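Open the model in a viewer and keep a selection panel at hand.

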Amino acid sequence: QLRKEVVGVGLEVGFWVTLGYVVQAIGLETVEASKAAFLCALIVVVCPVLEALNGGRVTLAQWSSVALAVLGAGFLELGGNISPGQGDLFALMQPVGFGVALWKCEKTQQQYPDQGGALTAIQLVCTMLVSWIWVLGDYKGLPPAEEIMAAAGNSEVATAVVWTGFITTALTVYL
């Protein structure tokens, strides 16, 4: 059963998650995927910083883990051009959006442990609504039915939509 007090927090978490997706999409227009992946990996910095800023205790071992994670992600992802570029600021906002969402969601789950499904649903609805607004803006209305049918009939596109929608969005938000 959805608790009223969780709706506002769910909308806030949904805002941050959606911000992460929006700036990721904008950033990927001009940033190499490997650099964007590294910048997104900085989420491991955002969560402990938020915890510390809000009076939580972050141990030396946890900060060491953060440093090792950033270093490891750098080795894995930063093989090409790492000079600053036009979309870097957008890509750098990914870990902020996703990090604030994860941190806030964890705090909410501690307070309302039975509301995981509700928080997930609210986040997904926020993301869906902003995605539809984006599509409507791109097409200045609804996309042509022929384009939708052509995309749905393309197995690569359909697989990518199912994978992105159900695995990398819904499942990861739920977990």
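Begin with the largest pocket of this predicted model, which has a volume of about 1300 Å³. Select Ser131, Val135, Val161, Thr164 and Gly165: of the 32 lining residues, these are the closest to the pocket centre. Next, colour helix H1 (4-27), helix H6 (116-139), helix H7 (145-153) and helix H8 (155-174), the elements that each give two or more residues to the lining. H8 contributes the largest share, 11 residues. Colouring the lining by class gives 22 nonpolar, 8 polar and 2 charged residues.

Now move to the second largest pocket, with a volume of about 360 Å³. At least two lining residues come from each of H1, helix H5 (88-111), H6 and H8. Here H5 has the largest share, with 5 residues. The class colouring shows 12 nonpolar and 7 polar residues in this lining, and no charged ones.

Hide the pockets and turn to the packing. In soluble globular proteins, nonpolar side chains tend to be buried together. For the largest nonpolar core, select Val6, Val9, Val13, Val17, Ala101, Cys105, Tyr112 and Leu119, 8 residues in all. H1 and H5 are the elements that each supply at least two residues of this core, and the largest share, 4 residues, belongs to H1.

Centre the view on Cys105 and show its contacts. Leaving aside residues up to four places away in sequence, Cys105 touches Val13, Leu119 and Gln123.

The last stop is helix H3, residues 43-53. Which residues of H3 are buried? Select Ile43, Val46, Pro48 and Leu50. Then show what covers them: helix H2 (33-41), helix H4 (60-77) and H5 are included in that cover. Finish at Gly55, which follows H3 and has a positive phi, near 85 degrees.

Key
Residues are numbered from 1 along each chain as its sequence is written. This is a predicted model: local features need pLDDT of at least 70, side-chain atom pairs count only at pLDDT 80 or more; totals for chains, interfaces and linings use all residues. Side-chain values use heavy atoms; hydrogens and water are left out. On a 1 Å grid over the protein atoms alone, a cavity is a set of points where a 1.4 Å probe fits but cannot get out, and a pocket is an open set with protein on both sides within 12 Å along at least five of seven lines; lining residues have an atom within 4 Å of a point. Grid points are joined across faces, edges and corners, and a volume is the space filled by probe spheres set on the points. Ala, Val, Leu, Ile, Met, Phe, Trp, Tyr, Cys and Pro count as nonpolar, Asp, Glu, Lys and Arg as charged, and the others, Gly among them, as polar. A nonpolar core is a set of buried Ala, Val, Leu, Ile, Met, Phe, Trp, Tyr and Cys residues joined through side-chain atoms within 4.5 Å. Buried means under 20% relative accessible area, exposed over 50%, partly exposed in between (1.4 Å probe, protein chains only). Contact means heavy atoms within 4.5 Å.
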